[in-house]
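Biologist: Please take a close look at a single part of this model. Then continue, in one connected account, to the other parts that can be described.

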Amino acid sequence: MSQLRLLPSRLGAQASRLLAPHDIQMFSRRSRSSGPPAPFPSSKRGGSSSYMEEMYFAWLENPQSVHKSWDSFFRKASEEAACDPAQSRFPESRPSVSSRTKTSKLVEDHLAVQSLIRAYQIRGHHVAQLDPLGILDADLDSFVPSDLITTTDKLAFYDLREADLDKEFQLPTTTFIGGSEHTLSLREIIRRLESTYCQHIGLEFMFINDVEQCQWIRQKFETPGVMQFSSEEKRTLLARLVRSMRFEDFLARKWSSEKRFGLEGCEVMIPALKTIIDKSSEMGIENVILGMPHRGRLNVLANVIRKDLEQIFCQFDPKLEAADEGSGDVKYHLGMYHERINRVTNRNITLSLVANPSHLEAVDPVVQGKTKAEQFYRGDAQGKKVMSILVHGDAAFAGQGVVYETFHLSDLPSYTTNGTVHVVVNNQIGFTTDPRMARSSPYPTDVARVVNAPIFHVNADDPEAVIYVCSVAAEWRNTFNKDVVVDLVCYRRRGHNEMDEPMFTQPLMYKQIHRQVPVLKKYADKLIAEGTVTLQEFEEEIAKYDRICEEAYGRSKDKKILHIKHWLDSPWPGFFNVDGEPKSMTCPATGIPEDVLTHIGEVASSVPLKDFKIHTGLSRILRGRADMIKNRTVDWALAEYMAFGSLLKEGIHVRLSGQDVERGTFSHRHHVLHDQEVDRRTCVPMNHLWPDQAPYTVCNSSLSEYGVLGFELGYAMASPNALVLWEAQFGDFHNTAQCIIDQFISTGQAKWVRHNGIVLLLPHGMEGMGPEHSSARPERFLQMSNDDSDAYPVSSALPPPGQGQGAGATGRPPPSHTPAPQVFTEDFEVSQLYDCNWIVVNCSTPANYFHVLRRQVLLPFRKPLIIFTPKSLLRHPEAKSSFDQMVSGASFQRVIPEDGAAAQAPEQVRRLIFCTGKVYYDLVKERSSQGLEEQVAITRLEQISPFPFDLIKQEAEKYPGAELVWCQEEHKNMGYYDYISPRFMTILSRARPIWYVGRDPAAAPATGNRNTHLVSLKKFLDTAFNLQAFEGKTF
Ligand SMILES: Cc1ncc(C[n+]2csc(CCOP(=O)(O)OP(=O)(O)O)c2C)c(N)n1
Ligand SMILES: [Mg+2]
């Protein structure tokens, strides 16, 4: 049996792993009287002869009493018997024992063939020849499934013999290997299954629960002759391989000692991505958003996105001066945006590659968020115009949890991008680590199985197989709007980067790699041999591309300045002026007319849909809201309502996402009302404010911080005309999204000159709830704020003597030894905001929360905004604001000065306490209980960073005789003290101390013991009002 592969049989040892659960399910016999007729089994064991006979006799009595698969099988068999009575296996009445045996044998053989076909569909990929090096099994296991016919003796597994090979078998409807034929010989069946499932493509899809989807895949790959290419297609493929390979060669020649994370060993990724894009463009896609790691990124920029080569080459010139502000990033992290004509489809296409940090896979949710936003703003609910492609490394795809988190967003209504094509550059190594030490799953792609995404493994040294797989992947995405994975099993020709020596750690693999003929040569030889191209044409193609590179290289040498903004992945046309600067530099007023406040308040207190029954507890809450509106006051939830509602009126899309945000963790928000009598009937009153308002999206997210925050950050990248907020369930949970905060939010603009206005709502406050759920870790955000603690920031409009324009807040402050000018100009507030990397606030009043949310959108630029939000203050009777603080003319207060008795006679005041957030209410209560309103002033710092030097200075100077105290409820090594202290020193010219009052340093953010919590609260409140506490102390 020469056609069969002769792999070593490991049948004996592995005999117990023969059957998949699916198969076993099929074996379970069903009583005909107690349920639907059992189908024709797909497995040999399912066809036990007595069962089959039972089916047969039932069929004889009434063909409709058995499943239609049995019906068709017996019908066919009786036709056969009618043609050749000598061979008849079907008696007219109760059969003899011997004829029954013959019937059973025929049925059993057919069943055996069916299960054999199914075995290939399920397990064929385990023996597919996927590794171009021929060393490792792509599934890390050399085991050959016992039910694949790799040697003739394995026919016995199905009770078949070599003599059966030339018998014809009926093909089941679950295979397409027959093409237009309904029967094939066993030999041909095995040959076709081998060629579909065990060559250079390994298909994993039988775990998909949807039969239609499985059939679709089977048809795409099993149908004879599907993988055929015209000579034009082959020539295009060759030309793309030339570009991919010669680009890397060119960089290697010109900059032999530069890191570039070359693609050598997986050059086929360029034609692979281009095929996905061509095919998608053909099906109507106009915008493709890509995310990818380091490997081959420059090549993708050059040959997929088509960034000008000279701009890429410039990045290798160490002497070029950067023209943009910010610290920039290495070349293999930068992003790109490009609109062009797709040459294959002649249609317009926009391609963008999202800038990313070194942190592998962190960009995945960001790309998905940006894609979702682009789809949303284009009204592309089905993802027919905008799609995402994510490229992964094998080690990172298997190892990074955010991959899993991102997959889990893929089918959620408010997060789906309607299918992503994932491409894995599976070079079978991660830096120096062998995959057998890097993952426990057979393939690096197994994580995709959780969302029923099909996985197409393909040997990257077979370019035509790769192209076919990629075009099916694009079609899959277009047909089913679901994720799909293309696993390019390849190798890495060099070390991790071009400077690394791979022989230290992978000597045998690299011996083979050194012998490996590059894919371009292999493919060119093939096309030349079959006469598709001539050697001369091939050489000309190479020479042509080399010339293009040389010319671009020549031009790159004329460049003197490097513009990072040329690498922007998400331009916002119209938002900035032509030079990329804000159109104005003012902090707009954020108050709104009272009738708008009232209208929003009324909607927030109502149920806009008819016959909609809400919970009685909620009715009470709505009545409470209506009362507040009558009294012209708001609590936290209403203030938020008014901020969102007023922005919606102004055409700004508002999106609030996070765990349980619809109701609110603290049951205060209730933005989605649920009908108590009709399942899943909901109402979002915020979308019933005005007929022409912008849409409001509020969505409970999956229980993920890393994935969801990344997603919202990406969402906020797409447009400046939106307020995108992510709320942590409790503030400390943001730490599982730390990578997004550190790598994107705090540093994004500095690295990639990209603005982002994402808002983080982080519930924070020491309320005796234990070490978790208390602190949103303000100290971390403040530590990463970029304003200089030691420098007196001054406006560029008023430079200190001897300092030129542009000093101070624009990022180049005068050195601290320069005598600081004691003047702050009018634009100080806005220029400070413009220069900072993010804004950190802790509002003590609902009105200020309202203003800061509105300011976020009304500012002429975008900065991330971190808001420490309250918990107990949500319902605190004192934490209410009047409409007067929100109407036109009112605006955000960076500092809320003391306005009580102490402020009337400031020179009498003995102590000025500065604080932020909820502790203010504790301090006021304590002051009142001690009767110290005249001696002690309390001033609130609402915008902590950038630090309001100007207003703090005013406050301190207003109380010349007062001791200055910083009071916080957090432990001393946490909270705000380390941030505010040096800034106070600067503003006070180190002439007055700022004393610390608060909890002692600690390891945990809060105690788990309620009594200890209260004792420590009382202790620091006592100190705050003990006017002798710092007597005699030095600073
Ligand atoms: C989150 C994270 N951890 C560690 C690293 C350091 N690192 C850079 S590349 C790399 C190996 C990546 O292997 P793989 O994903 O297979 O991609 P390849 O380099 O093989 O293309 C590692 C560990 C990183 N960049 N990101
Ligand atoms: Mg790898």
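Modeller: Asp611 lies in the loop that runs between helix H20 (594-604) and helix H21 (616-630); helices (H or I, at least four residues) and strands (E, at least two) are DSSP runs numbered from the N terminus. The model is predicted, with local features needing pLDDT of at least 70 and side-chain atom pairs pLDDT 80 or more, while totals for chains, interfaces and linings use all residues. Residues are numbered from 1 along each chain as written, chains are lettered from A and ligands numbered from 1 in written order, and side-chain values use heavy atoms, without hydrogens and water.

Although Asp611 is not a glycine, its phi is positive, about 50 degrees. Most residues other than glycine have a negative phi, and most peptide bonds are trans. A cis peptide bond is found between Ser945 and Pro946, where omega is about -5 degrees. Pro946 belongs to the loop between strand E26 (943-945) and helix H31 (949-958).

Two other helices, H8 (residues 231-254) and H16 (residues 463-480), pack with their axes 11 Å apart and at an angle of about 105 degrees. H8 and H16 are therefore roughly perpendicular (65 to 115 degrees) to each other. In their contact (heavy atoms within 4.5 Å), Lys234, Leu237 and Leu241 of H8 meet Pro463, Glu464 and Ile467 of H16. By class, this contact of H8 with H16 has four nonpolar, no polar and two charged residues.

The surroundings of ligand 1 complete the account. Ligand 1 is surrounded by 15 residues (a heavy atom within 4 Å), of which His294, Arg295, Ser358, Asp394 and Ala395 are the closest. Helix H13 (residues 394-399) supplies the largest share of this shell, three residues. By class, five residues of the shell around ligand 1 are nonpolar, eight are polar and two are charged.

Individual atom pairs can also be described. A nitrogen atom of ligand 1 lies 3.2 Å from a backbone N or O atom of Leu360, a polar contact (N or O atoms within 3.5 Å). An oxygen atom of ligand 1 is 3.0 Å from a backbone N or O atom of Ile429. For Asn427, a side-chain N or O atom is 2.9 Å from an oxygen atom of ligand 1.

Key: Polar contact = N/O pair within 3.5 Å; in protein donor to acceptor, adjacent residues only side chain to side chain. Nonpolar A, V, L, I, M, F, W, Y, C, P; charged D, E, K, R; others polar. Axes fitted to C-alpha atoms, helices over the stretch in contact; angles between N-to-C directions. Parallel < 35°, antiparallel > 145°, perpendicular 65-115°, else oblique.
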